[in-house]
Amino acid sequence: MAASPLVTVMINAARKAARAITRDFGEVVNLQVSQKGPADFVTRADRKAEDVVREELSKARPQWGFLLEEAGEIKGKDGQHVWVVDPIDGTTNFIHGIPHFAISIGLTRNGEPVAGVVYNPITDELFAAERGGGAYLNDRRIRVAARRDIHDAVIACGMPHRGRGDHVEFRAELAQVQAKASGLRRAGTASLDLAWVAAGRLDGYWERGLKPWDICAGIVLVREAGGFARDIDGAADVLATGNILAGNELISAQLGDCLKAAKV
Ligand code: LIP
(Lines give C-alpha, C1' and ligand atoms only; values in the text may rest on other atoms or scores of the structure.)
Protein backbone atom coordinates (compact mmCIF):
# COMPACT_ATOMS: atom_id res chain seq x y z
CA MET A 1 0.00 0.00 0.00
CA ALA A 2 1.37 3.42 -0.92
CA ALA A 3 -0.01 5.22 2.13
CA SER A 4 -0.88 8.92 1.76
CA PRO A 5 1.04 11.41 3.93
CA LEU A 6 -1.98 11.57 6.24
CA VAL A 7 -2.26 7.81 6.72
CA THR A 8 1.53 7.61 7.13
CA VAL A 9 1.30 10.01 10.07
CA MET A 10 -1.41 7.81 11.64
CA ILE A 11 0.53 4.60 11.04
CA ASN A 12 3.70 6.05 12.56
CA ALA A 13 1.81 7.20 15.66
CA ALA A 14 0.20 3.76 16.08
CA ARG A 15 3.50 1.91 15.65
CA LYS A 16 5.32 4.18 18.07
CA ALA A 17 2.66 3.73 20.79
CA ALA A 18 2.64 0.00 20.08
CA ARG A 19 6.23 -0.45 21.25
CA ALA A 20 5.39 0.62 24.83
CA ILE A 21 2.03 -1.17 24.78
CA THR A 22 3.62 -4.45 23.75
CA ARG A 23 6.20 -4.19 26.57
CA ASP A 24 3.43 -3.38 29.05
CA PHE A 25 1.33 -6.30 27.82
CA GLY A 26 4.18 -8.66 28.69
CA GLU A 27 4.16 -7.19 32.20
CA VAL A 28 0.37 -7.54 32.46
CA VAL A 29 0.61 -11.22 31.59
CA ASN A 30 2.99 -11.62 34.58
CA LEU A 31 0.71 -9.56 36.84
CA GLN A 32 -2.23 -11.98 36.39
CA VAL A 33 -1.02 -14.02 39.35
CA SER A 34 -0.60 -11.05 41.71
CA GLN A 35 -3.33 -10.36 44.31
CA LYS A 36 -3.81 -6.75 43.31
CA GLY A 37 -4.11 -7.56 39.63
CA PRO A 38 -2.91 -5.36 36.82
CA ALA A 39 -5.69 -2.71 36.75
CA ASP A 40 -3.66 0.30 37.99
CA PHE A 41 -0.75 -0.66 35.83
CA VAL A 42 -3.03 -0.83 32.79
CA THR A 43 -4.49 2.62 33.46
CA ARG A 44 -0.95 4.01 33.43
CA ALA A 45 -0.10 2.09 30.25
CA ASP A 46 -3.25 3.46 28.59
CA ARG A 47 -2.37 7.07 29.48
CA LYS A 48 1.24 6.67 28.43
CA ALA A 49 0.22 5.25 25.03
CA GLU A 50 -2.31 8.03 24.54
CA ASP A 51 0.39 10.65 25.22
CA VAL A 52 2.65 9.07 22.61
CA VAL A 53 -0.11 9.04 19.98
CA ARG A 54 -1.11 12.60 20.79
CA GLU A 55 2.44 13.90 20.61
CA GLU A 56 3.08 12.25 17.24
CA LEU A 57 -0.17 13.46 15.70
CA SER A 58 0.24 17.00 17.07
CA LYS A 59 3.76 17.23 15.68
CA ALA A 60 2.44 16.43 12.20
CA ARG A 61 -0.81 18.45 12.32
CA PRO A 62 -0.50 21.04 15.13
CA GLN A 63 -3.80 22.77 14.37
CA TRP A 64 -6.08 19.74 14.65
CA GLY A 65 -8.20 18.83 17.66
CA PHE A 66 -8.54 15.58 19.62
CA LEU A 67 -11.17 13.37 21.14
CA LEU A 68 -9.26 11.00 23.41
CA GLU A 69 -10.53 8.13 25.52
CA GLU A 70 -8.42 9.16 28.51
CA ALA A 71 -7.89 12.93 28.24
CA GLY A 72 -11.24 13.81 26.61
CA GLU A 73 -11.78 16.63 24.13
CA ILE A 74 -9.04 19.04 23.10
CA LYS A 75 -10.18 21.76 20.74
CA GLY A 76 -7.99 22.46 17.70
CA LYS A 77 -7.41 25.84 16.05
CA ASP A 78 -8.46 24.48 12.69
CA GLY A 79 -12.00 23.63 13.86
CA GLN A 80 -12.56 21.04 11.08
CA HIS A 81 -10.36 18.07 11.88
CA VAL A 82 -10.49 15.94 15.02
CA TRP A 83 -8.33 12.90 15.80
CA VAL A 84 -10.47 10.29 17.58
CA VAL A 85 -8.17 8.01 19.56
CA ASP A 86 -8.41 4.92 21.74
CA PRO A 87 -4.86 4.00 22.81
CA ILE A 88 -5.92 0.52 23.97
CA ASP A 89 -9.25 -0.62 22.62
CA GLY A 90 -10.17 -3.91 24.24
CA THR A 91 -8.90 -2.90 27.67
CA THR A 92 -10.59 -5.86 29.37
CA ASN A 93 -8.75 -8.26 27.06
CA PHE A 94 -5.51 -6.40 27.76
CA ILE A 95 -6.04 -6.55 31.52
CA HIS A 96 -6.66 -10.29 31.36
CA GLY A 97 -3.66 -11.06 29.19
CA ILE A 98 -5.81 -11.86 26.14
CA PRO A 99 -3.81 -10.83 23.05
CA HIS A 100 -6.73 -9.24 21.21
CA PHE A 101 -6.67 -5.45 21.53
CA ALA A 102 -5.75 -2.54 19.29
CA ILE A 103 -4.62 1.02 19.00
CA SER A 104 -7.41 2.81 17.18
CA ILE A 105 -6.80 6.17 15.50
CA GLY A 106 -9.62 7.77 13.55
CA LEU A 107 -9.95 11.17 11.94
CA THR A 108 -13.12 13.17 11.43
CA ARG A 109 -13.51 16.11 9.07
CA ASN A 110 -16.52 18.26 9.91
CA GLY A 111 -17.83 15.40 12.05
CA GLU A 112 -17.51 12.72 9.33
CA PRO A 113 -15.07 9.81 9.75
CA VAL A 114 -12.55 10.14 6.89
CA ALA A 115 -9.50 8.07 7.86
CA GLY A 116 -8.72 5.22 10.22
CA VAL A 117 -5.88 3.05 11.43
CA VAL A 118 -6.44 0.03 13.70
CA TYR A 119 -3.31 -1.82 14.80
CA ASN A 120 -3.05 -5.05 16.77
CA PRO A 121 0.57 -5.01 17.89
CA ILE A 122 0.52 -8.65 19.00
CA THR A 123 -0.38 -10.05 15.58
CA ASP A 124 1.30 -7.12 13.80
CA GLU A 125 -1.84 -6.62 11.73
CA LEU A 126 -2.29 -3.01 10.69
CA PHE A 127 -5.59 -2.01 9.09
CA ALA A 128 -5.67 1.37 7.36
CA ALA A 129 -8.12 3.31 5.22
CA GLU A 130 -8.75 6.79 3.96
CA ARG A 131 -11.90 7.98 2.30
CA GLY A 132 -11.73 7.30 -1.43
CA GLY A 133 -8.49 5.31 -1.12
CA GLY A 134 -9.67 1.80 -0.24
CA ALA A 135 -8.92 -0.28 2.85
CA TYR A 136 -5.76 -2.25 3.53
CA LEU A 137 -4.45 -4.91 5.89
CA ASN A 138 -0.69 -4.37 5.95
CA ASP A 139 0.10 -4.24 2.19
CA ARG A 140 -2.98 -6.05 0.97
CA ARG A 141 -6.22 -4.46 -0.24
CA ILE A 142 -9.19 -5.81 1.73
CA ARG A 143 -12.89 -6.12 0.96
CA VAL A 144 -15.93 -7.14 2.94
CA ALA A 145 -17.10 -10.75 2.53
CA ALA A 146 -19.44 -11.48 -0.36
CA ARG A 147 -21.90 -13.80 1.43
CA ARG A 148 -25.47 -12.99 0.51
CA ASP A 149 -27.48 -14.79 3.14
CA ILE A 150 -27.33 -14.37 6.92
CA HIS A 151 -27.86 -18.15 7.22
CA ASP A 152 -24.27 -18.55 5.99
CA ALA A 153 -22.89 -15.65 8.01
CA VAL A 154 -20.64 -15.34 11.05
CA ILE A 155 -21.86 -12.37 13.06
CA ALA A 156 -19.94 -10.66 15.85
CA CYS A 157 -21.46 -8.61 18.65
CA GLY A 158 -20.69 -6.78 21.85
CA MET A 159 -22.35 -8.01 25.02
CA PRO A 160 -23.38 -5.69 27.80
CA HIS A 161 -22.11 -6.86 31.16
CA ARG A 162 -22.24 -5.72 34.81
CA GLY A 163 -23.00 -2.02 34.93
CA ARG A 164 -23.17 -1.65 31.14
CA GLY A 165 -25.99 -1.41 28.61
CA ASP A 166 -29.48 -2.86 28.39
CA HIS A 167 -29.27 -6.59 29.12
CA VAL A 168 -32.89 -7.38 28.26
CA GLU A 169 -32.68 -5.59 24.91
CA PHE A 170 -29.43 -7.41 24.09
CA ARG A 171 -30.92 -10.82 24.88
CA ALA A 172 -33.89 -10.11 22.61
CA GLU A 173 -31.55 -9.06 19.79
CA LEU A 174 -29.30 -12.07 20.33
CA ALA A 175 -32.29 -14.43 20.19
CA GLN A 176 -33.19 -13.08 16.75
CA VAL A 177 -29.68 -13.22 15.32
CA GLN A 178 -28.94 -16.58 16.96
CA ALA A 179 -31.88 -18.15 15.13
CA LYS A 180 -30.52 -17.02 11.73
CA ALA A 181 -26.72 -16.80 11.70
CA SER A 182 -24.38 -19.74 11.11
CA GLY A 183 -21.97 -18.54 13.83
CA LEU A 184 -21.68 -15.92 16.55
CA ARG A 185 -18.57 -14.27 18.05
CA ARG A 186 -17.80 -11.85 20.91
CA ALA A 187 -14.12 -10.99 20.85
CA GLY A 188 -14.18 -7.79 22.99
CA THR A 189 -12.53 -5.16 20.81
CA ALA A 190 -14.92 -3.07 18.74
CA SER A 191 -12.26 -1.56 16.48
CA LEU A 192 -11.00 -5.04 15.56
CA ASP A 193 -14.55 -6.34 15.07
CA LEU A 194 -15.03 -3.61 12.47
CA ALA A 195 -11.58 -4.19 10.95
CA TRP A 196 -12.39 -7.89 10.66
CA VAL A 197 -15.68 -7.09 8.91
CA ALA A 198 -13.64 -4.93 6.51
CA ALA A 199 -11.25 -7.85 5.93
CA GLY A 200 -14.10 -10.29 5.22
CA ARG A 201 -13.38 -12.46 8.27
CA LEU A 202 -16.67 -11.55 9.87
CA ASP A 203 -19.82 -11.09 7.79
CA GLY A 204 -21.51 -8.72 10.19
CA TYR A 205 -21.28 -7.02 13.56
CA TRP A 206 -23.52 -5.09 15.91
CA GLU A 207 -23.07 -3.45 19.27
CA ARG A 208 -24.81 -0.72 21.23
CA GLY A 209 -23.47 1.96 23.54
CA LEU A 210 -19.99 2.39 22.11
CA LYS A 211 -17.89 5.55 22.19
CA PRO A 212 -16.64 7.45 19.11
CA TRP A 213 -13.04 6.31 19.76
CA ASP A 214 -14.15 2.64 19.66
CA ILE A 215 -15.66 2.93 16.17
CA CYS A 216 -14.39 5.99 14.27
CA ALA A 217 -11.43 4.28 12.58
CA GLY A 218 -13.35 1.04 12.02
CA ILE A 219 -16.22 2.81 10.26
CA VAL A 220 -13.83 4.13 7.60
CA LEU A 221 -12.29 0.66 7.21
CA VAL A 222 -15.67 -1.00 6.62
CA ARG A 223 -16.92 1.65 4.21
CA GLU A 224 -13.66 1.71 2.23
CA ALA A 225 -13.78 -2.08 2.04
CA GLY A 226 -17.15 -1.76 0.27
CA GLY A 227 -19.35 -2.35 3.30
CA PHE A 228 -21.93 -0.50 5.33
CA ALA A 229 -21.43 0.82 8.85
CA ARG A 230 -24.42 2.69 10.24
CA ASP A 231 -26.62 3.32 13.24
CA ILE A 232 -28.76 0.28 14.17
CA ASP A 233 -31.97 2.30 14.41
CA GLY A 234 -31.35 4.54 11.40
CA ALA A 235 -30.05 7.67 13.18
CA ALA A 236 -27.90 9.88 10.98
CA ASP A 237 -24.81 10.06 13.17
CA VAL A 238 -23.58 6.66 14.32
CA LEU A 239 -20.54 8.21 15.99
CA ALA A 240 -22.91 10.11 18.28
CA THR A 241 -25.23 7.21 19.13
CA GLY A 242 -22.55 4.49 19.36
CA ASN A 243 -25.14 1.91 18.25
CA ILE A 244 -23.44 0.33 15.28
CA LEU A 245 -24.27 -2.27 12.67
CA ALA A 246 -21.85 -3.34 9.92
CA GLY A 247 -21.57 -5.77 7.03
CA ASN A 248 -21.92 -5.90 3.27
CA GLU A 249 -25.08 -4.44 1.76
CA LEU A 250 -27.18 -7.62 1.98
CA ILE A 251 -25.95 -8.94 5.34
CA SER A 252 -26.19 -5.52 7.03
CA ALA A 253 -29.79 -5.22 5.78
CA GLN A 254 -30.70 -8.72 7.06
CA LEU A 255 -28.97 -8.07 10.37
CA GLY A 256 -30.85 -4.78 10.64
CA ASP A 257 -34.13 -6.66 10.09
CA CYS A 258 -33.27 -9.14 12.88
CA LEU A 259 -32.52 -6.32 15.30
CA LYS A 260 -35.75 -4.55 14.33
CA ALA A 261 -37.70 -7.77 14.94
CA ALA A 262 -36.27 -7.86 18.48
CA LYS A 263 -38.18 -4.68 19.30
CA VAL A 264 -41.69 -6.10 18.84
C1 LIP B 1 -14.43 -1.67 24.60
C2 LIP B 1 -14.86 -2.16 23.23
C3 LIP B 1 -15.50 -3.51 23.41
C4 LIP B 1 -16.83 -3.21 24.00
C5 LIP B 1 -16.66 -2.60 25.38
C6 LIP B 1 -15.69 -1.43 25.39
P7 LIP B 1 -12.44 -0.17 25.63
O8 LIP B 1 -13.63 -0.50 24.54
O9 LIP B 1 -13.95 -2.15 22.26
O10 LIP B 1 -15.66 -4.25 22.24
O11 LIP B 1 -17.65 -4.33 24.03
O12 LIP B 1 -17.92 -2.23 25.84
O13 LIP B 1 -16.28 -0.22 25.00
O14 LIP B 1 -13.16 0.28 26.87
O15 LIP B 1 -11.69 -1.42 25.84
O16 LIP B 1 -11.62 0.87 25.01
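In the predicted model, 14 residues surround the ligand, a residue being counted if one of its heavy atoms lies within 4 Å of the molecule. Asp86, Asp89, Thr91, Arg164 and Glu207 are the closest. By class, this shell holds seven charged, four polar and three nonpolar residues; Asp, Glu, Lys and Arg count as charged, Ala, Val, Leu, Ile, Met, Phe, Trp, Tyr, Cys and Pro as nonpolar, and the others, Gly among them, as polar. Residues are numbered from 1 along each chain as its sequence is written. Local features need pLDDT of at least 70 and side-chain atom pairs count only at pLDDT 80 or more, while totals for chains, interfaces and linings use all residues; side-chain values use heavy atoms, with hydrogens and water left out.

Strand β3 (residues 81-89) gives the largest share of the shell, three residues; strands are DSSP runs (E, at least two residues) numbered from the N terminus. Domain 1 (5-141) and domain 2 (150-261) both contribute residues to the shell, so the ligand lies between them. The domain bounds come from an automatic or database domain assignment.

An oxygen atom of the ligand is 2.6 Å from a polar backbone atom of Thr91, and an oxygen atom of the ligand is 2.8 Å from a polar backbone atom of Ala190. In the side chain of Glu69, an N or O atom is 3.3 Å from a ligand oxygen atom.

Key. Polar contact = N/O pair within 3.5 Å; in protein donor to acceptor, adjacent residues only side chain to side chain. Helix = DSSP H or I, 4+ residues; strand = E, 2+ residues; numbered from the N terminus.
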